[in-house]
Amino acid sequence: MSTRTRSQPPASTLAADPRQHRLSEWLWNRVWNWLWHELRTTPARWPALGLAVTGVLSALTGSPHWVGRWNDTTLFAHLYGSIVVGIVSGIVAALIVGRSQSRGVAVLEKTGLRSGPAVVARSVLPVWVLAAGAFLLVLAAAAVRTVFVSGSGSPAWGVFVITLCLLAFQVAVGAFLGAWLPRWAAVVGTGVLLYGALVPVYLPDAERTWGRLYPVIQQRWDDDVVQHAARMFSAGAWLLAAAGLLLVAAGSRHRSTRPSGRTAVTALLLAGAAAAGVLLPQVARGQQWMSTAAAARLLQCAEHDSARVCGYSATRQDLEMLAAAFADLRRAGAELDFLPAQLVESGAPVAPGEPGAPAEIWDTSRDRTAAWSADPSGVIDRSRAVELVAAAIVPVVDQDCLRSELAARTDLDASRDIAATLTDRITSTVSRPDDTPAHDQLVHLPPNQQDAWMNQAVAAAAACRPLPRVPTP
């Protein structure tokens with residue numbers, strides 16, 4: 001009859017590899033038993049439980065920020081984990097470390113550990129484990145619902161990894177402030193700092209520069225979006241290195257347990273190298289963490305009478321038909337000031353002037369480039385080519401203008417009227433689309449008066465002013 005205890009492996013394993021037995025026994029007796037005890041007793045367990053329940057209910061009942069695609073499912077859990085769970089966990093870490101410092105508990109902890117960073121890490125490791133567990137529960141609940149909406153699939157694993165690393169960074173920020181500031185100042189400062197760091201991400205070009213060091217991905221990804229795994233893993237490495245540096249700095253609070261200078265320099269160099277790996281690569285706007293599936297397709301162009309159309313989803317024959325329609329519309333609107341010199345299909349991976357923009361596709365010497373959208377049916381004939389090009393060549397009114405109080409009182413968008421008017425000039429039948437009141441009056445005017453009104457309407461839309469009155473015939 002065997003007398004081995006639960007923590008002992010079988011005798012055959014012990015005889016085969018004594019070192020493996022000692023390692024497993026150490027992991028069970030020292031690490032797992034300690035962690036399990038901390039998880040059951042730490043004050044962080046109640047906030048983590050509440051956040052997990054709230055997130056699971058939000059995922060199962062349908063969040064307005066989540067529509068049921070696998071990419072959006074992962075981003076929903078990522079945002080909840082980084083903005084809600086991460087910030088609260090950072091505050092809890094600051095409270096735990098600050099209480100340990102103020103009550104003198106840290107002095108007792110140092111009797112069993114020689115290193116200050118190890119003391120701090122031991123204090124906040126359960127907080128990170130609970131935060132990661134809450135995030136995983138929310139992701140699992142969202143994934144269950146996604147299976148019923150979008151079928152089989154898998155989360156965006158790069159986003160999954162970067163969220164776990166970001167949680168570690170946020171907890172380390174709380175630990176650092178908790179070690180060096182008065183307890184309640186550390187609690188308030190952690191919340192303000194972690195949440196306030198989200199605001200500057202909305203500034204121009206922040207997402208492509210220093211905003212990458214705090215990677216909260218506030219985007220919506222369609223099904224054709226492909227995550228950039230290499231950049232995500234490099235950001236994860238930076239977050240872990242920065243978390244380690246913050247723990248080293250937090251552990252330097254007391255001279256008796258201050259780490260060696262070699263440890264501090266090593267942590268600083270690792271964090272600096274990881275930050276450089278994140279910041280140095282040049283990326284296009286909005287594509288730090290992902291790229292469209294079009295990036296993997298070959299873009300090609302067709303030109304007709306200096307009118308060029310580029311795309312990746314259309315065939316060469318369709319592009320030539322679109323280029324011919326584009327040339328006809330440019331001749332029909334020769335007196336218009338806003339017509340572009342080339343059209344590039346929307347969804348192209350980069351824009352003119354961005355890092356990596358292919359010179360053979362984007363011709364920056366031309367006056368203006370506009371985007372055209374492919375027909376969902378994939379069938380392009382002559383009339384459909386004219387409609388697609390006519391809709392693309394008219395400048396789009398800014399969304400902020402369309403949401404303004406002025407837009408609620410009067411019409412500010414004449415794009416459909418202008419597109420219908422130009423289409424009439426090169427087709428045999430007069431088009432009568434819906435919601436084009438100006439077009440119904442423009443068809444009775446001579447071309448020169450039509451051109452004058454269309455130029456004025458585009459200028460007014462660009463300045464967010466009401467459309468000019470259509471002259472009477």
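Which residues does I91 touch, not counting residues up to four places away in sequence?

Modeller: This is a predicted model, in which local features need pLDDT of at least 70, side-chain atom pairs count only at pLDDT 80 or more, and totals for chains, interfaces and linings use all residues. Residues are numbered from 1 along each chain as its sequence is written, and side-chain values use heavy atoms, with hydrogens and water left out.

I91 touches V187, T190 and G191, once residues up to four places away in sequence are set aside; contact here means heavy atoms within 4.5 Å. I91 itself belongs to helix α4. Helices (H or I, at least four residues) and strands (E, at least two) are DSSP runs, numbered from the N terminus. Because its relative accessibility is 27%, I91 counts as partly exposed; buried means under 20% relative accessible area, exposed over 50%, and partly exposed in between, with a 1.4 Å probe and protein chains only. The C-alpha atom of I91 is also separated by 8.9 Å from that of V173, although the two residues are 82 apart along the chain.

A second residue of α4 (residues 70-103) is S82. S82 is buried, because its relative accessible area is 2%. Beyond the residues up to four places away in sequence, S82 touches I87, L166, Q170 and V216.

Several of these names return in the pairing of helix α7 (residues 157-180) with helix α8 (residues 183-196), whose axes come within 9 Å and cross at roughly 145°. Axes are lines fitted to C-alpha atoms, for helices over the stretch in contact, and angles run from 0 to 180 degrees between N-to-C directions. The crossing of α7 and α8 is right-handed: a crossing is left-handed if the near helix is turned anticlockwise from the far one by less than a right angle, and right-handed if clockwise. On the α7 side the contact is made by Q170, V173, G174, L177 and G178, and on the α8 side by A186, G189, T190, L193 and L194. Sorted by class, this contact of α7 with α8 has 5 nonpolar, 5 polar and no charged residues. Ala, Val, Leu, Ile, Met, Phe, Trp, Tyr, Cys and Pro count as nonpolar, Asp, Glu, Lys and Arg as charged, and the others, Gly among them, as polar.

For comparison, consider helix α11 (residues 316-332) and helix α12 (residues 382-393), whose axes come within 9 Å and cross at roughly 60°. That angle makes α11 oblique to α12; angles under 35 degrees count as roughly parallel, over 145 as roughly antiparallel, 65 to 115 as roughly perpendicular and the rest as oblique. The crossing of α11 with α12 is right-handed. M321, L322, A324, A325, F326, D328 and L329 of α11 meet R382, A385, V386, L388, V389, A390 and I393 of α12. This contact comprises 12 nonpolar, no polar and 2 charged residues.

A further pair is α15 (residues 415-426) and α17 (residues 447-462), with axes that come within 11 Å and cross at roughly 155°. These two helices are therefore roughly antiparallel to each other, and their crossing is left-handed.

Loops also deserve attention. S252 is placed in the loop between α9 (229-250) and α10 (261-279), and S252 counts as buried because its relative accessibility is 15%. Leaving aside neighbours within four places in sequence, S252 is in contact with W180, R258 and P259. A polar atom of the S252 side chain lies 2.8 Å from the backbone oxygen of V248. Such a polar contact is a pair of N or O atoms within 3.5 Å; within protein, one must be able to donate a hydrogen and the other to accept it, and residues adjacent in sequence count only if both atoms are side-chain atoms.

Finally, for the whole protein, the secondary structure comes to 17 helices and 6 strands. Of its 473 residues, 44% count as buried.
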